[in-house]
Amino acid sequence: MDYSYEITNRGVRIQRVNSPMPCVAVPEEVEGYPVTELGPYALSGTLVEELYLPSHLKKIGAYAFYNCEKLRHLSCYGRAVDLGAGLFAGTGSLESLDITLFDGEKSCLKELLSELRQTLRVRVHQSQTKEARLIFPEYFEESVENTPARILFVETHGCGHRYRYCFVQSQFQYSMYDGLFPHIIVQEPEPLVTELALGRLQYPLGLSPDHEQMYRGYVAEHWKTAGFLLICANRPNRSQSSNLEAGGIPWLVQNILQPHPLDGGDTCFPEAFAVQLHELACFAQKSNDTETVSWIMDYRHKLHIHDIHQKGGQPQVKPTRRFSL
């Protein structure tokens, strides 16, 4: 990476990144000194698509990412608490944020979210081993004029602004975030809502038992959409940003769809469960996801669930048997 820099009494300030590649990783150190600052307009107007900032960075100058129209992903640390004005002006394509927070330290997450009004997928790393995957929906503001009263007021559209207020001082509050789920259900499309619920369940940092049951109930009700999203996550070179990892179908089947054992350890699988496995296998087959198809077939055989056959254009299930898990 070609860049100009200056050594200060606090560390190194990167003044300008010259002709950057699509993926830019700002170095941790220069000449043995930690990189602590990114200067104003440091990357402005460049074609950077992915940007990785160092762990010692504490200050980002004004308009550092101005007009970076192709910037899609930003990875940083919460210690960069001194943010300049207009940081993300002209960067409407940013889709995902990966941020590492430190217990007991002030973070810049609140400030970053307030600057980004588009739908944003955020991966929060905390205490090295803990992780949360969150979605902050889009919102926008519209100025509306009441001509007779000569009053101009602002209308806010979308529930994304509510999600960006889930802070006490600089500390993110997971309970406040989860408590907003009823709002996103009625204001956002089902795939986005389902992805949010899946992310909270699979990476449950700060998730209370009550909110866990809320998310589980939603995913169980919208299992087709959940299966679609998880199978899409298996596709190589997927272009759309997602918080979901490959290989999620076994988790969905075993943790959400599969009925719990009855008293005594016996389970009688209903026809609905067999139909769910069949439809997931069919969709995986259409997506050329042979690994998922193979897993579903093996799992169905393991549970002694009979094959689906067609009758009148509808999937039918032969009688299932009760057995001990």
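Tutor: Buried means under 20% relative accessible area, exposed over 50%, and partly exposed in between, with a 1.4 Å probe and protein chains only. This is a predicted model, in which local features need pLDDT of at least 70, side-chain atom pairs count only at pLDDT 80 or more, and totals for chains, interfaces and linings use all residues. Residues are numbered from 1 along each chain as its sequence is written, and side-chain values use heavy atoms, with hydrogens and water left out.

Student: Why is serine 19 called exposed?

Tutor: The relative accessible area of serine 19 is 73%, and exposed means over 50%; serine 19 is therefore exposed. Serine 19 sits in the loop between β2 and β3, where helices (H or I, at least four residues) and strands (E, at least two) are DSSP runs numbered from the N terminus. Methionine 21 lies in that loop between β2 (12-18) and β3 (23-25), and at 58% relative accessibility methionine 21 counts as exposed.

Student: What is noted about the phi of serine 19?

Tutor: Serine 19 has a positive phi of about 45 degrees although it is not a glycine. Most residues other than glycine have a negative phi. Tyrosine 41, in the loop between β5 and β6 (50-52), also has a positive phi, near 60 degrees.

Student: Why is tyrosine 41 called partly exposed?

Tutor: Its relative accessible area is 41%, which falls between the limits of 20% and 50%, so tyrosine 41 is partly exposed.

Student: What makes arginine 13 and glutamate 37 a salt bridge?

Tutor: A salt bridge is a side-chain nitrogen of Lys or Arg within 4 Å of a carboxyl oxygen of Asp or Glu. The N to O distance between arginine 13 and glutamate 37 is 2.9 Å, so the pair meets the definition. Arginine 13 lies in strand β2 and glutamate 37 in strand β5 (residues 33-38), so the pair ties together parts that are 24 residues apart in sequence. Both arginine 13 and glutamate 37 are buried. By this rule the count comes to 11 salt bridges.

Student: Which residues are linked with Glu245 in a network of salt bridges?

Tutor: Arg123, Glu131 and Arg133 are linked with Glu245 in the network. Glutamate 245 meets arginine 123 at 3.2 Å and arginine 133 at 2.9 Å. At 32% relative accessibility glutamate 245 counts as partly exposed, whereas arginine 133, at 5%, counts as buried.

Student: Why are α8 and α10 called roughly parallel to each other?

Tutor: Helix α8 (residues 249-257) and α10 pack at an angle of about 30 degrees, with their axes 10 Å apart. Axes are lines fitted to C-alpha atoms, for helices over the stretch in contact, and angles run from 0 to 180 degrees between N-to-C directions. Angles under 35 degrees count as roughly parallel, over 145 as roughly antiparallel, 65 to 115 as roughly perpendicular and the rest as oblique; α8 and α10 are therefore roughly parallel.
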